[in-house]
Amino acid sequence: MVRVVNRRVPVLSGVAESSTAEACRYVRDVELLGVDGFMLMPAMLYRGDSREIIEHFRTTARATSLPIMIYNNPISYANDITPEMFEELADEKNFVALKESSGNTRRITDIRNVVGDRYAIFTGVDDLVLESAIVGIDGWVAGSGIAFPAENQYFWELTRRGEWDAAREMYGWFAPLLHLDVHLKFVQYIKLAVQECGLGSEWVRSPRLPLVGSEREQVLKVIRDGIARRLSCRGVLLTASLPRQLHNSKS
């Protein structure tokens with residue numbers, strides 16, 4: 001990836017190891033490959049207490065000089081990083097951003113109240129992006145939007161400009177697709193959407209397997225309905241204001 005991107009945009013790597021030692025080894029190795037930063041998860045498979053979680057993050061951060069986004073997803077990974085824990089970690093200079101995926105938009109305000117603007121706050125829950133943008137975030141780690149990059153970017157820009165009526169109307173189209181990001185099989189769902197949009201393959205690594213049967217048909221219906229309605233969405237909502245390159249986008 002570093003070689004292909006060739007410094008055109010930053011390359012970040014997720015760090016999802018089951019031990020602190022492995023996480024440290026990973027960041028050291030990957031830093032040597034030339035990445036620009038990391039998104040760091042708690043130690044996988046183990047539900048730690050606050051002292052253990054903080055120690056994992058501190059120790060891993062000190063194994064690299066690169067900037068790090070802390071990933072909080074207690075729904076998927078059991079460990080919950082609270083606003084008070086983010087405050088305790090604030091003295092580690094290479095922690096620069098948070099991916100807040102607790103599913104609770106109240107956390108965004110709570111974090112701001114505790115640590116101010118110490119970190120850039122991103123949402124990682126696709127179908128809470130509008131709600132999160134309203135209470136104040138700096139970015140969005142998008143999932144389903146990978147399949148719809150032009151619309152994804154345009155929707156985000158609406159929120160940056162505070163054009164809430166237009167954003168809310170577009171969100172109505174986007175929401176069924178964004179719901180694909182919050183299912184147990186979100187990887188399969190999103191990769192199938194990427195394939196349907198002609199941007200990649202639905203191939204996944206075992207133990208995940210491509211979708212089959214009625215589940216596949218249900219997900220395809222959501223995706224294809226979204227693609228069909230996208231044409232209307234572009235024609236009615238976006239034609240007057242989309243940048244020229246989005247009109248010409250293959251996506």
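Tutor: In this predicted model, the largest cavity is lined by Glu100, Ser101, Ser102, Gly103, Asn104, Thr105, Ile108, Thr123, Val125, Leu128 and Ser132. A cavity is a set of points, on a 1 Å grid over the protein atoms alone, where a 1.4 Å probe fits but cannot get out, and lining residues have an atom within 4 Å of a point. The model is predicted, and local features need pLDDT of at least 70, side-chain atom pairs count only at pLDDT 80 or more, and totals for chains, interfaces and linings use all residues. Residues are numbered from 1 along each chain as its sequence is written, and side-chain values use heavy atoms, with hydrogens and water left out.

The volume of the largest cavity is about 50 Å³, a volume being the space filled by probe spheres set on the points, with grid points joined across faces, edges and corners. Its lining holds 3 nonpolar, 7 polar and 1 charged residues. Here Ala, Val, Leu, Ile, Met, Phe, Trp, Tyr, Cys and Pro count as nonpolar, Asp, Glu, Lys and Arg as charged, and the others, Gly among them, as polar.

One of the lining residues, Thr123, stands opposite Trp140 in S6. Strand S5 (residues 120-123) runs parallel to S6 and is joined to S6 by 2 bridges; two strands pair if DSSP finds at least two bridges between them, and strands are DSSP runs (E, at least two residues), numbered from the N terminus. The open sheet has 6 strands in the order S1-S2-S3-S4-S5-S6, with parallel pairing. Strand S1 (12-15) and strand S6 (139-140) are at the edges, each with a single partner strand, so one side of each has no neighbour in the sheet.

Notes. On a 1 Å grid over the protein atoms alone, a cavity is a set of points where a 1.4 Å probe fits but cannot get out, and a pocket is an open set with protein on both sides within 12 Å along at least five of seven lines; lining residues have an atom within 4 Å of a point. Helices (H or I, at least four residues) and strands (E, at least two) are DSSP runs, numbered from the N terminus.
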